[in-house]
Amino acid sequence: MAQDDKAARGPSVAEGAALVDLLLQMADDDLVLGHRHSEWLGVAPDIEEDVAFSSIAQDEVGHAALYYELASQLGAGDADRLAFDRPVGERRSAAFVELENGDWARTAMRHFLYDAFEEVRLDACTRSGWQPLQRAATKVRREEFYHRLHSRTQLHHLAKAGGEAFARLEHALADLWPYVASLFDLGPHAAELRATGVLPADAAALRSAWEAVVVPELSELGFGVPACGGTDATSAAHRGAHHPALAELLTTMRAVLDVDAAAASW
Amino acid sequence: MRTKEPDIATTEDVREPVASEQQRVFLERIDRGEKIEATDWMPDEYRLLLIKFIQMHGVSEIMGAFPEKEWVPKAPTLRRKLGMMSKVQDEMGHGQLLLSVVQELGRPLGLTREQLISDIFTGRTKFHNVFHMPAPSWADAGVIGWLVDGAAIVSQAALLDTSYAPYARVLKRICAEESFHMQHGESIVLSLAEGTASQRQMLQDAVNRWWESLIFFFGPPDVSDAARKMIRYRIRTKTNEELRQKFLSRYVPRIHALGLTIPDPDLHFDPLSGLWHYTAPDWAAYGRMVRDNTGPMSQARIALRQQAHEGQRWVREAMRAGAAQLAMEGARA
């Protein structure tokens with residue numbers, strides 16, 4: 001009942017700022033990773049994978065658009081402007097998704113680790129007291145089910161092959177692991193998001209839920225999982241400590257827009 | 001029985017087959033407008049013509065992903081980004097469907113997917129002239145969708161009544177999707193046409209850049225031996241020139257309606273002959289470009305495809321080995 005009342009009156013000003021920050025974290029993560037995934041268009045390992053991975057990339061960008069739209073409804077501005085105009089310093093994506101693709105092993109490993117993270121974050125969002133987020137998360141989770149299936153199948157096949165594929169995956173895991181913490185930084189409003197029931201979980205809980213899913217699976221496949229802890233304090237552990245590759249990605253994304261600043265529509 | 005497998009790359013060299021009873025019955029089926037299925041008996045010549053033609057079509061779809069792929073990361077709105085991604089995905093999907101048709105046809109010859117792809121960088125198959133050209137601006141992404149896909153729709157729609165049934169079924173789906181691409185391209189083009197002076201200029205430059213390639217796209221007006229055979233077998237029913245005329249009738253008025261010009265001072269419709277007159281491109285030069293892969297972007301794009309295919313052989317092999325390993329463990333469990 002209390003939740004219905006809140007949905008009816010909408011979030012307070014303070015809650016609004018916290019909500020927008022959370023939505024931008026989710027949107028920026030999905031946009032940047034969807035962009036990275038789409039860099040494989042036309043050059044994936046085979047034609048079937050090209051088509052499949054493109055669907056996943058489109059879903060990620062589509063989810064980003066949905067979250068930007070929600071932020072826009074809270075007064076954060078136009079969805080396209082949120083996606084294209086914010087400078088690096090205002091971006092809320094995690095360094096984990098900003099890193100370049102590298103080889104297919106790194107792409108596959110990131111896909112696996114990130115989709116497990118998304119599941120955990122979305123799970124918390126489906127219990128959100130703010131209905132628009134709760135509804136969006138429920139919808140997105142349905143699509144993410146297939147991403148999880150795809151990423152797990154691929155990881156298992158590649159790992160079971162042993163040899164070069166296994167060695168490449170092991171290398172990718174070591175490369176990616178220091179950036180994992182950046183995903184679990186819920187930002188400066190984390191306490192408030194939890195207290196108000198907008199995001200009924202904290203970073204430590206999300207991380208342990210994620211580890212409970214990911215670590216046994218990786219171990220079973222024969223990977224030595226690096227030491228796990230709470231949110232470690234490496235330099236890449238915070239949203240805002242962007243990977244240098246993000247600046248280049250944003251410049252690319254603006255390449256057409258910057259050709260004619262006077263253009264009103266494209 | 002043949003003791004030696006025919007060389008699939010040199011269809012024109014195949015000798016006139018002996019008019020056997022099977023041959024005669026087959027041609028009668030063709031003449032009655034019947035459709036041929038993959039499991040039906042067919043003359044080697046028919047099979048080889050289809051393999052060469054559909055492989056080129058499939059490979060062109062796959063190589064056609066490259067000029068547009070460049071614009072996915074730069075697409076200027078979320079909607080455009082999603083549209084471009086979906087379009088490139090469709091092209092790859094068309095390539096996949098078409099190569100499956102070729103694989104089925106090539107099964108008696110031991111033709112594999114690996115071979116169909118590596119034929120691109122060994123020069124054993126060709127791809128359409130338009131995909132050898134650069135796409136240096138966002139307007140090119142629009143013009144490719146609007147006019148190149150528009151031209152593709154004209155030639156593919158004319159193939160819908162092809163005598164080979166599996167090809168016809170795949171084409172039906174392709175044509176439906178291509179018309180979305182054309183609308184997607186048209187939408188980009190309209191935004192530019194209604195935009196600032198520099199947006200309009202960008203669009204006009206792209207039309208100027210693509211025009212001659214579009215005229216060549218349908219091929220030279222004279223009917224080659226291979227084309228004559230394909231028409232005899234009803235693999236295709238229209239000549240290059242008929243298709244080009246249809247394209248001009250459909251698109252010249254649309255281009256003019258947007259206030260754009262076409263870079264051909266001789267282009268006009270002759271009401272007496274009912275035909276468009278246009279300045280002929282250097283047919284031989286374009287033909288050489290396609291045959292020898294000497295267009296401005298030919299080598300770079302072939303290198304990209306070769307790297308994707310050969311550089312990631314380990315992924316395809318590992319996926320197969322891993323699946324076998326998992327099946328074995330499953331059987332043991």
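At 7% relative accessibility, B:Gln312 counts as buried (buried is under 20% relative accessible area, exposed over 50% and partly exposed in between, with a 1.4 Å probe and protein chains only). This is a predicted model, so local features need pLDDT of at least 70 and side-chain atom pairs count only at pLDDT 80 or more, while totals for chains, interfaces and linings use all residues. Residues are numbered from 1 along each chain as its sequence is written, chains are lettered from A in the order in which they are written, and side-chain values use heavy atoms, with hydrogens and water left out.

B:Gln312 sits in the loop between helix 11 (298-310) and helix 12 (313-332) of chain B (helices are DSSP runs of H or I, at least four residues, numbered from the N terminus). A polar atom of its side chain lies 2.8 Å from the backbone oxygen of A:Val43, and the backbone oxygen of B:Ala308 is 3.1 Å from a polar atom of that side chain. Leaving aside residues up to four places away in sequence, B:Gln312 touches A:Trp40, A:Val43, A:Ala44, A:Pro45, A:Trp104 and B:Gln307 (contact means heavy atoms within 4.5 Å).

Now for the interface as a whole. Chain A puts 51 residues into the contact and chain B 45 residues. About 4100 Å² is buried between the two chains, with carbon and sulfur atoms giving 69% of that (this is the accessible area, 1.4 Å probe, that two parts lose on being put together, summed over both). The count of salt bridges between chain A and chain B is two (a side-chain nitrogen of Lys or Arg within 4 Å of a carboxyl oxygen of Asp or Glu). A:Glu48 forms a salt bridge with B:Arg113, the closest N and O atoms being 2.7 Å apart. Helix 3 of chain A supplies the largest share of the side of chain A that touches chain B, 12 residues. That side divides into 28 nonpolar, 13 polar and 10 charged residues (Ala, Val, Leu, Ile, Met, Phe, Trp, Tyr, Cys and Pro count as nonpolar, Asp, Glu, Lys and Arg as charged, and the others, Gly among them, as polar).

As for the packing, the largest nonpolar core has 184 residues, and A:Met109 and B:Trp138 touch the most other members (such a core is a set of buried Ala, Val, Leu, Ile, Met, Phe, Trp, Tyr and Cys residues joined through side-chain atoms within 4.5 Å). Helix 6 of chain A gives the largest share of this core, 13 residues. Not counting residues up to four places away in sequence, the contacts of B:Trp138 include A:Val256, A:Trp266, B:Trp71 and B:Met202.

Notes: Helix = DSSP H or I, 4+ residues; strand = E, 2+ residues; numbered from the N terminus. Polar contact = N/O pair within 3.5 Å; in protein donor to acceptor, adjacent residues only side chain to side chain.
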